[in-house]
Amino acid sequence: MRIVIAGGHGQIALRLERLLAARGDEAAGIIRKAEQADDLRQAGAEPVVLDLESASVDEVAERLRGADAAVFAAGAGPGSGAARKDTVDKAAAVLFADAAVRAGVRRFVIVSSMGADPRHEGDEIFDVYLRAKGEADAYVRGLDALDWTILRPGRLTDDAGTGLVRLEAHTGRGPVPRDDVAAVLAELVDTPATAGLTLELISGSTPVSVAVKSVAGN
């Protein structure tokens, strides 16, 4: 498979790229800064320099053409202000989804956040973030041309992954290592029977592959 990942230099994306390369898939990561390219090459991924905050749908679609799956794992980051929550966490996700439709890439996985809700109230930065992620999720759900899956991890940690998770429509809050989020994403892109599902993810007791198979088709 060829999988194109938005936010290719992110902590989850780099882990995902390593996993995909290790199993023989072709990973390409979209990055804003050319100086990040070597990190992607070391992860076994092809770097694609493109700024999703300024690119057109056609420009992004050109990078997606021929891919088997697209993964949106970009984010404005914890140090960013409210404006970038809108331009990255919402607008870039919408752009990437539209570009996938235009390029004919049906399989689409988006990394969202637990608690994402377009109707979330509040004016703090995190409130704006949850609203932006919720609006992006709602937009993707409305695209019939995509076989989409929305993944909403709990609190992300840098602990070593255990390979044991809880993956359900509603898990309740909890932590999850980025290693395990990447492992679940790698399984999801390869499991189109999870299309149409919004899934929450926290650490648990079920092996990743079993967890993904158990929700497939539900």
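In strand β10, Leu197 is the bridge partner of Thr149. Helices (H or I, at least four residues) and strands (E, at least two) are DSSP runs, numbered from the N terminus, and two strands pair if DSSP finds at least two bridges between them. The model is predicted, so local features need pLDDT of at least 70 and side-chain atom pairs count only at pLDDT 80 or more, while totals for chains, interfaces and linings use all residues. Residues are numbered from 1 along each chain as its sequence is written, and side-chain values use heavy atoms, with hydrogens and water left out.

Strands of a sheet pair through backbone hydrogen bonds, either parallel or antiparallel. Because five of its seven residues are buried, β10 is largely enclosed by the rest of the structure. Buried means under 20% relative accessible area, exposed over 50%, and partly exposed in between (1.4 Å probe, protein chains only).

The whole sheet is open and is formed by nine strands in the order β3-β2-β1-β4-β5-β6-β10-β8-β11, with mixed pairing. Its edge strands are β3 (46-49) and β11 (206-207), each of which pairs on one side only.

Elsewhere in this sheet, β1 and β2 run parallel and are joined by five bridges. Val4 has Ala28 of β2 as its bridge partner. Five of the six residues of β2 (residues 26-31) are buried, so this strand is largely enclosed by the rest of the structure. Strand β1 (residues 2-6) contains Ala6, which counts as buried because its relative accessibility is 0%. Leaving out residues up to four places away in sequence, Ala6 touches Ile30, Leu52, Val71, Phe72, Ala73, Ala74 and Phe96; contact means heavy atoms within 4.5 Å. The C-alpha atoms of Ala6 and Asp51 are separated by 9.9 Å, although the two residues are 45 apart along the chain.

The buried residues of α5 include Val128, Tyr129, Leu130, Ala132, Ala136 and Val140. The buried positions of α5 pack against β4 (69-72), β5 (107-111) and β6 (147-153), and also against helix α4 (82-103). An α-helix has 3.6 residues a turn, so residues three or four places apart point the same way.

Glu59 lies in helix α3 (residues 57-64) and counts as partly exposed because its relative accessibility is 38%. Apart from neighbours within four places in sequence, Glu59 is in contact with Leu50 and Ser54. A polar atom of the Glu59 side chain lies 2.8 Å from the backbone nitrogen of Ser56. Thr191, by contrast, is found in the loop between α6 (178-189) and β10 (197-203). Its relative accessibility is 15%, so Thr191 counts as buried. Beyond its neighbours within four places in sequence, Thr191 is in contact with Arg107, Val212 and Ala216.

The chain as a whole can now be described. It has seven helices and eleven strands. A compact globule of 218 residues would have a radius of gyration near 17 Å, and the 16 Å of this chain agrees; the radius is taken over C-alpha atoms, and the globule rule is 2.2 Å times the number of residues to the power 0.38. The C-alpha atoms fill a box of roughly 45 × 40 × 35 Å, taken along the principal axes. Of the 218 residues, 50% count as buried. Among contacts between residues at least 6 apart in sequence, 66% join residues at least 24 apart. The accessible surface (Shrake-Rupley method, 1.4 Å probe; for residues, only the protein chains shown count as cover) comes to about 9400 Å², of which 49% belongs to carbon and sulfur atoms.

Note on methods
A polar contact is a pair of N or O atoms within 3.5 Å; within protein, one must be able to donate a hydrogen and the other to accept it, and residues adjacent in sequence count only if both atoms are side-chain atoms.
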